[in-house]
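Reader: I'm new to this one. Could you show me the structure, and then let me ask how you know what you say about it?

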Amino acid sequence: MARELKFESPSFAQRLKGMLGVDFYRLFHTPLFYIFLAIAAVIPAMILGTMGSEGAEQLYTNTWHIIAAETPLYVVNGISEYANMNMVFIFGGIMVSIFIGHDYKSGYVKQLFTTHAKKEDYMMSKSLVGAFSMACMCVTYLFGAMLAGLLVQTSFEVNAGSLLCAVLGKMVMSLGWASLYTFLNIIFRKYFGVSIASSFFFGTGILIIGAAAIVGNSSVLNIFLYGASVYACLSANFVTLIVCIACSAAWAAIYNVLGARILAKCDVY
Amino acid sequence: MNAIEIRNLTKSFGEKQALGGLNMTVPVGAIYGFIGENGSGKSTTEKIVCGLIHESGGSVTLFGKPHTDGDVRAKIGVLIEAPGCFPNYSVWNNMKLQAANLGVRNADEEIVKVLKLVRMEGAASNKYKNCSLGMKQRIGIAMALLGDPELLVLDEPINGLDADGMRIMREVLTDLAKKGRTIVISSHILGELEKIATHYGIVRGGKMLCEMTAEELDASCRTYVALQTKDMPRTKAVLGGKYSRVEEDEAGYLRVYDTTTPEEIVTHLYQNGILVGEIKTDKIGLEEYYIDLMKEGKR
């Protein structure tokens, strides 16, 4: 008697759970993740520590300025206006590039896409894991800054509510950034060096800084990832947080849809 | 119902056409030997079937459903080129990751089962990068077997395997076919393929040259008479005068491919003063059949 063939694929939730399980396992078992967490903690400490050394220029008077600017500064006039928690998004970009690069180098994508896995799931999983790693970097950055502030005895005066909104706002922006990097790495998946370079380029926010030089400190720039990330500053409030959530979610959706379409149209391997 | 049905499949990479209207039919439960020269389109076809690359034209159905269908994709096991594993992870962890992607229930039990099947249970804790080529191939097969697939697509799975590894592989694949699983296997080691394949597809220049069952192949393979004498050059000359195709093989036998009998040859040689030391009839194998077919194609 002929054997009855049964075909049923896992649901979306099961698929995503499986893929997230794999990606989180890889994230927690990759030394790179911990290296970047350490870098994120050390960078603010180094910047604050340097300003305390004899003869060095006084960059910050308040510890929290290494987290975010007092007001949204899209136009950057100096390193102190630029160097804040947004730097985490540059590290995150490089990390996402290396993470996705390994997928292709090892042949994991080949193994993955011969199964029922969907391209949308892949984009989503990478974006979420990338966002999580960047959010973790934001936390270590925060602790690194606080510790350095204590050591060099800079002021800790701040509106706690605004600080919380700023930090949460930047953490929320991680999703949008991670989606952008995943998208860039999908486009340049065959060129690892270009992937990293593009992630670095966009991560610096140079395009928005350039646009700001033309349009000035305009809140219109908040519709972009870098703009919204800058908007999450020490004068942030609940509305700022909502703007960050909306901007991050919108760009995450756009990049995920575009990335999935590109993956679906192109040969995987 | 067929496990794979491919009709007029075309694929171009820029200007280069890799497949030019390939047709292929793989019945359920078959071990389908997919044969062809390098660059003939085997891997391209397999990659399309597995969803790794898109076809330019034509249709591919798996168990009656489009090959892109998620339900049917969940039941395909694949080993294309090398297994896609993370080199710094252990064999076990790589298997766990694939099991998670496949949504395999009782993953641990399943992994132990498939690793045992390919005799790799002892290497589970080894880092993948430290495994030999043969071990990696076996891991790839084990990975393809996760999730109890209905269809296995294996590209050169016996590359790098030692004699014992090949025997194990033969046993595993034959056992799976007995359980009704369908296996498509491409290999250049035709002698090994011949031992297990129930169906064959010979591809050339991106087109299917012929498809046949093992029985049909057996019937198509010509018989020949092979013999040895003390004076082989003279024997060849004498036989060449009577028969149209007389060739010397690698083992040092003279082969007469014309329709004849050993008795007739012995008599003819005796009449010419040549005594036959050894004589036998045999059939050409898959390898020779394939080489002949390729030669005919080139002519």
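Reader: Which residue is the bridge partner of Leu227(B) in S13(B)?

Author: Leu254(B) is the partner there. Bear in mind that this is a predicted model, where local features need pLDDT of at least 70, side-chain atom pairs count only at pLDDT 80 or more, and totals for chains, interfaces and linings use all residues. Residues are numbered from 1 along each chain as its sequence is written, with chains lettered from A and ligands numbered from 1 in the order in which they are written.

Reader: What makes S11 and S13 of chain B a pair?

Author: Two strands pair if DSSP finds at least two bridges between them. Strand S11 (residues 223-229) and strand S13 (residues 254-256) of chain B have three bridges, in the antiparallel sense, so they pair by that rule.

Reader: Why is one side of S12 and of S14 in chain B left without a neighbour in the sheet?

Author: The open sheet runs S12-S13-S11-S14 in chain B. S12 (246-248) and S14 (276-283) stand at its edges, each with a single partner strand, so one side of each has no neighbour in the sheet.

Reader: Which residues of H4(A) and H6(A) make the contact, and how is a contact decided?

Author: Two residues are in contact if their C-beta atoms, placed from the backbone, lie within 7 Å. Among the residues making the contact are Phe89(A) and Met95(A) of H4(A), and Met134(A) and Tyr141(A) of H6(A).

Methods: Helix = DSSP H or I, 4+ residues; strand = E, 2+ residues; numbered from the N terminus.
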